[in-house]
Amino acid sequence: MNLEAYARKLLRAELAARGARDIDAAEAAIAPRLRFDPETGDHVAIDLISSKPGHPNMELSEFLAVTMKSNPELFGGQSVPPGKVGQPPTRNPFKKGMDFNMTLAMKLYREDPATAIELARDAGFDLEVK
């Protein structure tokens with residue numbers, strides 16, 4: 001996977017985790033205002049001034065918090081808990097027991113198949129098509 005594809009996948013995972021209503025629309029609105037730092041593996045907002053003194057650019061989490069407030073039409077609905085970019089949900093919706101949630105599992109599979117396949121594998125299921 002090239003660096004650009006990796007950066008896009010990480011951004012889409014974070015948008016899904018924050019409950020983007022339409023991931024493609026949210027990505028189109030947000031991606032031009034970001035750059036990906038290959039050394040740290042983080043996205044950085046490049047056209048905004050941060051509230052932190054000495055930091056002219058915002059970190060992705062801060063940028064998305066501001067964007068969610070200023071553009072609520074892009075976000076809403078059920079979401080997995082937000083975290084670091086690309087981090088899987090804190091609960092595994094495929095795992096038997098209290099965490100099992102087939103609706104959330106299938107939503108995750110539609111929005112981020114790679115993470116869903118990994119979580120399903122951890123829960124003892126094989127979702128990969130061979």
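Predicted model: local features only at pLDDT ≥ 70, side-chain atom pairs only at ≥ 80, totals over all residues.
Local features need pLDDT of at least 70 and side-chain atom pairs pLDDT 80 or more, while totals for chains, interfaces and linings use all residues. Residues are numbered from 1 along each chain as its sequence is written, and side-chain values use heavy atoms, without hydrogens or water.

**Exercise 1.** Find the largest nonpolar core and the contacts of L15.

*Solution.* A nonpolar core is a set of buried Ala, Val, Leu, Ile, Met, Phe, Trp, Tyr and Cys residues joined through side-chain atoms within 4.5 Å. Buried means under 20% relative accessible area, exposed over 50%, partly exposed in between (1.4 Å probe, protein chains only). The largest core has 15 residues. L15, I30, L34 and F63 have the most contacts inside it. Helices α1 (3-17), α2 (23-30) and α3 (60-70) each supply at least two of its residues; helices are DSSP runs of H or I, at least four residues, and strands are runs of E, at least two, numbered from the N terminus. Now take L15. Beyond neighbours within four places in sequence, L15 contacts (heavy atoms within 4.5 Å) A20, I23, A26, E27, I30, L64 and F75.

**Exercise 2.** Work out how β1 and β2 pair.

*Solution.* Strands pair if DSSP finds at least two bridges between them. β1 (residues 34-37) and β2 (residues 42-45) pair antiparallel over 4 bridges. R35 faces V44 in β2. The two strands form a hairpin with 4 residues between them. In the turn, G41 has a positive phi of about 75°.
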